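Dear colleague,

Please find below the structure that I am handing over to you, together with its sequence. My notes on what was found in it follow directly after.

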Amino acid sequence: MPVVYLSHGAPPLADDAVWPGQLAAWSAELPKPEAVLMISAHWEDAPLTIGATTTVPLIYDFWGFPQHYYGVTYAAPGAPELAEDVRGLLRGPGMSVHDAPDRGLDHGAYVPLVEMYPNADVPVLQMSMPTLDPTGLLEIGRKLAPLRDQGVLIVGSGFFTHNLRAMNDDGSVHPVMAEFDEWGHRALDAGDVDALLDFEHKAPAAQLAHPRTEHFAPLFVSLGAAGTDLATQRSVIDGFWLGLAKRSIQFG
């Protein structure tokens, strides 16, 4: 299976005129996965933790939105076999794996999945990011890479730029968001993993594009899982949504 990093948007993504169709077209081009392993910007937990392996209610981890966004459902099957494989790949010296059997998918997981697999017929497992350290996340991704041979789609779900103060609905894009997006695009095209790992120092205005780094962090899990497929990377979705870069990338 390929590996992806996607910008997941917020709940109103479902109402956008373009983006849902882009996600649907992308999933139609992918081989249908046996399961999805989701690493979302919205779940930081150490030690690394695996979410529910049965279908449980979603987590509506957002505030102040119209009520209908809190009525969205996505009853994807659980993935207990995948959970066991993840435990086996990750457990070892210095790494423990915990379980949160009641934790449902958060919006970083279900918002894009509703558009990509609307029938909720693909098992989904979510796991936490135990750190925001890029090198540590890269190593986790490398350990997870064998899952690709089992038909698992590994998804890092974040946002290519994420500063809520830069959001707007007038179609304009803050220069910092555009500059960071272009820098990241060039670094990916060049296969410059070292620059990406050190993005907080190498990227233009990184602290403004990402005041916290949790939305860029899932990219490093995807990079690790991609391995030698880094050279095949391509931006499947680009452009901006409410002023934020929605660049989304496929490896392999």
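On helix α2, the face turned away from the buried side carries the exposed residues Glu81 and Gly88. Please bear in mind that this is a predicted model. Helix α2 spans residues 80-90, and its buried residues are Leu82, Ala83, Val86, Arg87 and Leu90. These five lie on the same side of α2 because they cover an arc of only 145° around the axis. The elements against which the buried residues of α2 pack are the strands β2 (35-44), β3 (48-50), β4 (97-99), β5 (124-129) and β6 (152-158), together with helix α4 (134-144).

Helix α1 can be described in the same terms. Within its residues 19-29, the buried positions are Trp19, Pro20, Leu23, Trp26 and Ser27. They share one side of α1, since the arc they cover around the axis is only 125°. Ala28 and Glu29 are exposed and sit on the face of α1 turned away from its buried side. The packing partners of the buried residues of α1 are β1 (3-7), α3 (107-116), β7 (234-237), β8 (240-241) and β10 (248-251).

**Aromatic pairs**

The structure contains 18 aromatic pairs. One of them joins Trp19 and Trp241, whose ring centres are 5.3 Å apart and whose planes meet at 65°, so the pair is edge-to-face. Because Trp19 belongs to helix α1 and Trp241 to strand β8, this pair ties together parts that are 222 residues apart in sequence. Are the two partners buried or exposed? Trp19 is buried, as its relative accessible area is 0%. Trp241 is also buried, with a relative accessible area of 8%; the cut-off for a buried residue is under 20%.

Elsewhere, ring pairs link a cluster made up of Tyr5, Phe160, Phe180, Trp183, Phe199, Phe216 and Phe220.

**Pocket and cavity**

The largest pocket holds about 320 Å³ of space. It is lined by 17 residues, and those closest to its centre are Ala10, His42, His107, His162 and Leu164. By residue class, the lining of this pocket comprises 10 nonpolar, six polar and one charged.

How many cavities of 30 Å³ or more are there? The count is one. The volume of the largest cavity is about 120 Å³. Fourteen residues line this cavity, and the closest to its centre are Thr54, Val56, Ala76, Leu105 and Val124. Its lining divides into nine nonpolar residues, four polar and one charged.

**A loop position**

Pro101 is located in the loop between β4 and α3. This residue is exposed, having a relative accessible area of 53%, where the cut-off for exposed is over 50%. Apart from its neighbours within four places in sequence, Pro101 is in contact with Ala52 and Val56. Val56 is also among the residues closest to the centre of the largest cavity. From Pro101 to Ala203 the C-alpha to C-alpha distance is 38 Å, and the two residues are 102 apart in sequence.

With kind regards

Note on methods
Residues numbered from 1 in each chain as written. Predicted model: local features only at pLDDT ≥ 70, side-chain atom pairs only at ≥ 80, totals over all residues. Heavy atoms only, no water. 1 Å grid on protein atoms, 1.4 Å probe; cavity = no way out; pocket = protein on both sides within 12 Å on 5 of 7 lines; lining within 4 Å. Points joined across faces, edges and corners; volume = space filled by probe spheres on them. Nonpolar A, V, L, I, M, F, W, Y, C, P; charged D, E, K, R; others polar. Buried < 20%, exposed > 50% of the residue type's maximum accessible area, 1.4 Å probe, protein only. Helix = DSSP H or I, 4+ residues; strand = E, 2+ residues; numbered from the N terminus. Arc of directions from axis to C-beta. Contact = heavy atoms within 4.5 Å. Phe/Tyr/Trp six-rings, centres within 6.5 Å; stacked < 30°, edge-to-face > 60°.
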